[in-house]
Amino acid sequence: MDLILNNVRVVRPSGDGPENLDIGIENGRIVRLEATIPVDEAATVLDGQGRLAFPGLVDGHMHVGIYSPLAQDAITESKAAAMGGVTSAITYFRTGQYYLNKGGPYEAFYPEVLDISHGKYWVDYAYHLAPISSAHIDEMESLLTNHGVCSFKIFMFYGGYGLHGKSGKYAQKQFLMIGDDESYDIAHFEFIMRSARKLMIRYPDMADRISVSLHCELADILNAYTKIVQNEGKLTGLRAYSAARPPHSEGLAVWIASYLAHETDCLNINLLHLSSRKAVEAALMMQDVFPNISFRREVTIGHLLLDYDAPASCHAKVNPPIRSREDVEFLWEKLLEGRIDWVVSDHACCSGELKTDRRDPKDNNNIWVSKSGFGGTEYLLSGLYSEGTKRGLSVNRMAQLVSKNPAERYGLLNKGDIEVGYDADLVLLDPDETFTVRAAESQSAQGYTPFEGMQLTGRVKTTLLRGEIVYDNGTIVGPARGQYLRRPTSPPKIAGIAAPARSP
């Protein structure tokens, strides 16, 4: 074997507590899991120093290349991902303003994305894509069969509300770079779902991995409440932004998305970054109403760690907004009940300059001009472990939330678990180390973090990608080894025989 990782407590998603196991690795895959593997049976032995060994994290919601050029952002933000124990980054991408600032067909656009990405990632990577124009819907099949893109996204508010705040519908057409005869509306969302359903029927072997994800907020509600909050002038900062994008906008959008899924028989629906009690309650209600739909419910580490009274203020502006402490506690309650399927970062490196008023660079508290989004992939596992252990969340459940569940849904069949045949993606966590979050220590280019000053217990010490160390004790190791992941990937093979794929 190439490597034996010993003296670790292995955390498997299907396990019941950590297991004292040695891990044997060869050609980037796990080939042995035993209580003791003789050290002379491998070229190298790595002492895990009694740490917890989690499967490498699958951060299923990132935005690499949104505010900085992709070639630059992929380098710095994938290093931040490795720092957090992430070994597979699935990042959203689309045509229109930001990202590559281009419109047109994906036939030309996506190969350029892949070409820029090659050799820039320190972790493995894949892309979710958003069909923005009607022509993109016709391209969904070629994206699946030619490029291994099996997950598609809908931004429900984009047709009539801006990425950072209120915006006219004509301005949104310019933002999306679509023609005057195009509409990004509920009918467009329906047609995306109908196309996904056709793909499920046409490619039954991939049907379980083809899914549609939705950012659930409604432009009409956002526009009305933004006007009210701004005119009243009673609220500022994160409280104002939450009121301008109220929780019932999320809830109503979840209802609409769910009925469309039922109407189109689009069976695999992912409800992204649910931020509030009303949004989660709506999602759970729709699961009861439409039991035929395989819903997945997502929350972010930001919405689990921050509330709208956080000192970060505009640095924590994000869509949907950071909510009240009551909403935060409700998210945790449902997560502990097993009603939340995975936790992600929604990482979007947004520089401090983009969070300030350009007319007054010292003013970092004008929520209306601040750009939306912030990074956090480097604190995904530590944040979940630190707060989760206080609340009784088991480490095995954590491994499900940040590794196994998103890997299965998004077609990474050789990721997300510590089993023979799987990629040797591993993260070693010191469960006893308490540290203070400091942006200055992050690999991200963002320069700040809304988690600044938080004390977290449980620190990522080492990250291995396919058996190679890519992060170790604060240092990025080696060249960029990240590979593009065509999905669905092949299931693990044991002794030359394909292991049966587990149902999601």
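By class, how many nonpolar, polar and charged residues does the lining of the largest pocket have? Keep that question in mind while you set up the viewer.

**Before you start**

This is a predicted model, in which local features need pLDDT of at least 70 and side-chain atom pairs count only at pLDDT 80 or more, while totals for chains, interfaces and linings use all residues. Residues are numbered from 1 along each chain as its sequence is written, and side-chain values use heavy atoms, with hydrogens and water left out.

**Stop 1: the largest pocket**

Rolling a probe the size of a water molecule over the atoms shows where empty space is left. On a 1 Å grid over the protein atoms alone, a pocket is an open set of points with protein on both sides within 12 Å along at least five of seven lines, a cavity is a set of points where a 1.4 Å probe fits but cannot get out, and lining residues have an atom within 4 Å of a point. Grid points are joined across faces, edges and corners, and a volume is the space filled by probe spheres set on the points.

Select G159, G160, K169, Y184 and D185, which lie nearest the centre of the largest pocket among its 18 lining residues. The space in this pocket comes to about 340 Å³. Next colour the helices α4 (169–176), α5 (186–202) and α6 (219–232), each of which supplies at least two residues of the lining; α4 gives the most, with four residues. Helices here are DSSP runs of H or I with at least four residues, and strands are runs of E with at least two, numbered from the N terminus. The opening question can now be answered: the lining has ten nonpolar, four polar and four charged residues. In this count Ala, Val, Leu, Ile, Met, Phe, Trp, Tyr, Cys and Pro are nonpolar, Asp, Glu, Lys and Arg are charged, and the others, Gly among them, are polar.

**Stop 2: the largest cavity**

There are four cavities of 30 Å³ or more, and the largest holds about 180 Å³ of space. To find the largest cavity, select H63, I66, L163, N319 and D346, which lie nearest its centre out of 18 lining residues. Its lining has nine nonpolar, seven polar and two charged residues.

**Stop 3: from N319 to S324**

Stay with N319, which is joined to P320 by a cis peptide bond with omega of about -10°. P320 is found in the loop between α10 and α11, and the loop between α10 (301–305) and α11 (325–336) also holds S324. S324 counts as buried because its relative accessibility is 8%, where buried means under 20% relative accessible area, exposed over 50%, and partly exposed in between, with a 1.4 Å probe and protein chains only. Leaving out residues up to four places away in sequence, S324 touches D307 and Y308, a contact meaning heavy atoms within 4.5 Å.

**Stop 4**

L238, in helix α7 (residues 237–244), is buried, with a relative accessible area of 4%. Beyond residues up to four places away in sequence, the contacts of L238 include D307 and Y308.

Now move to W332 in helix α11, which is buried at a relative accessible area of 0%. Which residues does W332 touch, not counting residues up to four places away in sequence? They are L304, L384, E387, G388 and R391. W332 and E387 are 55 residues apart in sequence, yet 9.4 Å apart in space, C-alpha to C-alpha.

**Stop 5: helix α13**

Select residues 395–409, the 15 residues of α13, which reaches 20 Å from its first C-alpha to its last, close to the 21 Å expected at 1.5 Å a residue; the expected span is 1.5 Å times one less than the number of residues. Centred on L401 is a kink of about 45°, where the bend is the angle between axes fitted to the seven residues ending there and the seven starting there. In α13, 13 of the 15 residues are buried.

**Stop 6: two positive phi values**

Most residues other than glycine have a negative phi, and most peptide bonds are trans. N27, in the loop between β3 (22–26) and β4 (29–34), has a positive phi near 50°, and H273, in the loop between β11 (268–271) and α9 (277–289), has a positive phi near 30°. Are these residues buried or exposed? N27 is exposed, with a relative accessible area of 66%, whereas H273 is buried, with 1%.
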